[in-house]
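Thank you all for making time this morning. I would like to walk through one model with you, so please bring up the sequence and the coordinates before we start.

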Amino acid sequence: MASSVAVLGTGIMGAGMARSLLRAGLDVTVWNRSAEKARPLAEDGAKVAADAADAVSSADVIVTMLFDVNAVAEVMGRALAASREPAVWAQTSTVGLAGTQQLAELAGRHGRGYLDAPVLGTRQPAEQGELIVLAGGPRELEPRVAPVFEAIGHQTIWVGDKAGDGHRLKLALNSWVLSITAATGQAIALARDLGVDPQLFLDAIGGGATDSPYAQLKGKAMINGEFEPAFGLAGAVKDAGLIVDALGAAGDDPSLMQAVHHLMSAAAEAGYADDDMAAVVHAFR
Ligand code: NAP
């Protein structure tokens, strides 16, 4: 049963998850590469560690929520040796299938239990403890991470007993999320550039069979030019690349996700990388 949790990475997602863990009464130590993003969590009751090794040294559960596999491998490559038996590593960053394999092997070399635990949900669900955890790994680790997963999410889906199983579902889910965002951007741009008020597109689908809360949310942001990041464009480009790789590995045609990747990359290169992925609307012109 976890009582002490280390959260490595307090960006959009990690900060919200740390606050949810604190509200659940867990003993939380946070670390972030840029210390100024971790420091405010002290006001919520977190201990703020000066380095990642310090953060994990007394943790029952280590949660990583960093940008990509390179960041996680670099940070945990340094920190894992300081962790104590029987710490479990719950890896929640989106790192893809090859990335998950790489990190599970790293955990194995240090004799630590590893759970593949990517999450569904963005900034607000992370803050509210309303994520969906997509777990893959040995079920005997479940009791040790259950208090953590219950604090950060309202549901845990145990996809399978192998590292990578959580990511298999996560990549399928993100293929949907990225596609619907790009498709919304296309419809908004097309209406606008044909001289029609794009709000009429959202009004016309509103409440019908082709409507989606996500299309309304991202479409409104596109129309209003409000791109404060909930799911950042740089991360969406990274995830689109991971999904293209997974489609190839599965023997499926990757051309739809390649087009999404192309559009999101173009918007990022045009200067919107730090904005929400709704900024993909800029790529259509
Ligand atoms: P974010 O706000 O950009 O945070 C990224 C974090 O990674 C920051 O803590 C950053 O540290 C750290 N980082 C990046 N490169 C690093 C490196 N080389 N070494 C050490 N730390 C490094 O991103 P986020 O939205 O929280 O996403 C985090 C992960 O969750 C990503 O894998 C993303 O795909 C996944 N995810 C995101 C969402 C979402 O909607 N936002 C939803 C589900 C999953 P600094 O502060 O020092 O830059």
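This is a predicted model: local features need pLDDT of at least 70, side-chain atom pairs count only at pLDDT 80 or more; totals for chains, interfaces and linings use all residues.

Helix 11, which covers residues 233-250, packs with helix 12, residues 255-272, at an angle of about 155°, and their axes are 9 Å apart. Because angles over 145 degrees count as roughly antiparallel, helix 11 is described as roughly antiparallel to helix 12. The crossing of helix 11 past helix 12 is left-handed. On the helix 11 side the contact includes Leu-233, Ala-236, Val-237 and Ala-240, and on the helix 12 side it includes Met-257, His-261, Met-264 and Tyr-272. Sorted by class, this contact has 12 nonpolar residues, four polar ones and no charged ones.

Helix 11 also holds Asp-239, and I would ask you to look at that residue with some care. Is Asp-239 buried or exposed? Asp-239 has a relative accessibility of 3% and counts as buried. Leaving aside neighbours within four places in sequence, its contacts are Thr-94, Asn-174, Leu-178 and Phe-231.

Asp-44 sits in the loop between helix 2, residues 35-38, and strand 3, residues 47-48, and Asp-44 is partly exposed, at 37% relative accessible area. Not counting residues up to four places away in sequence, Asp-44 touches Arg-19 and Leu-22. Arg-144, 100 residues away from Asp-44 in sequence, is 24 Å away in space, C-alpha to C-alpha.

Now for the nonpolar cores. The largest has 33 residues, of which Val-7, Met-17, Leu-21, Val-28, Val-30, Val-148 and Phe-149 touch the most other members. Among the elements that give two or more residues to this core are strand 1 (4-8), helix 1 (12-23), strand 2 (27-31) and helix 7 (142-152), and the largest share, six residues, comes from helix 1. Leu-21, again leaving aside neighbours within four places in sequence, is in contact with Val-5, Val-7, Leu-26, Val-28, Val-148, Ala-151 and Ile-152. Another core, of 32 residues, lies apart from this one, and among its members are Ala-182, Leu-202, Ala-215 and Ala-267.

Two of those elements also pack on each other. Helix 1 and helix 7 meet at an angle of about 115°, with their axes 8 Å apart, and are therefore roughly perpendicular to each other. Helix 1 passes helix 7 in a right-handed crossing, and the contact is made by Met-17, Ser-20 and Leu-21 of helix 1 together with Val-148, Ala-151 and Ile-152 of helix 7. Those residues divide into five nonpolar, one polar and no charged.

The peptide bond from Glu-85 to Pro-86 is cis, with omega near 5°, and Pro-86 has its place in the loop between helix 4, residues 69-79, and strand 5.

Note on methods:
Residues are numbered from 1 along each chain as its sequence is written. Side-chain values use heavy atoms; hydrogens and water are left out. Axes are lines fitted to C-alpha atoms, for helices over the stretch in contact, and angles run from 0 to 180 degrees between N-to-C directions. Helices (H or I, at least four residues) and strands (E, at least two) are DSSP runs, numbered from the N terminus. Angles under 35 degrees count as roughly parallel, over 145 as roughly antiparallel, 65 to 115 as roughly perpendicular and the rest as oblique. A crossing is left-handed if the near helix is turned anticlockwise from the far one by less than a right angle, and right-handed if clockwise. Contact means heavy atoms within 4.5 Å. Ala, Val, Leu, Ile, Met, Phe, Trp, Tyr, Cys and Pro count as nonpolar, Asp, Glu, Lys and Arg as charged, and the others, Gly among them, as polar. A nonpolar core is a set of buried Ala, Val, Leu, Ile, Met, Phe, Trp, Tyr and Cys residues joined through side-chain atoms within 4.5 Å. Buried means under 20% relative accessible area, exposed over 50%, partly exposed in between (1.4 Å probe, protein chains only).
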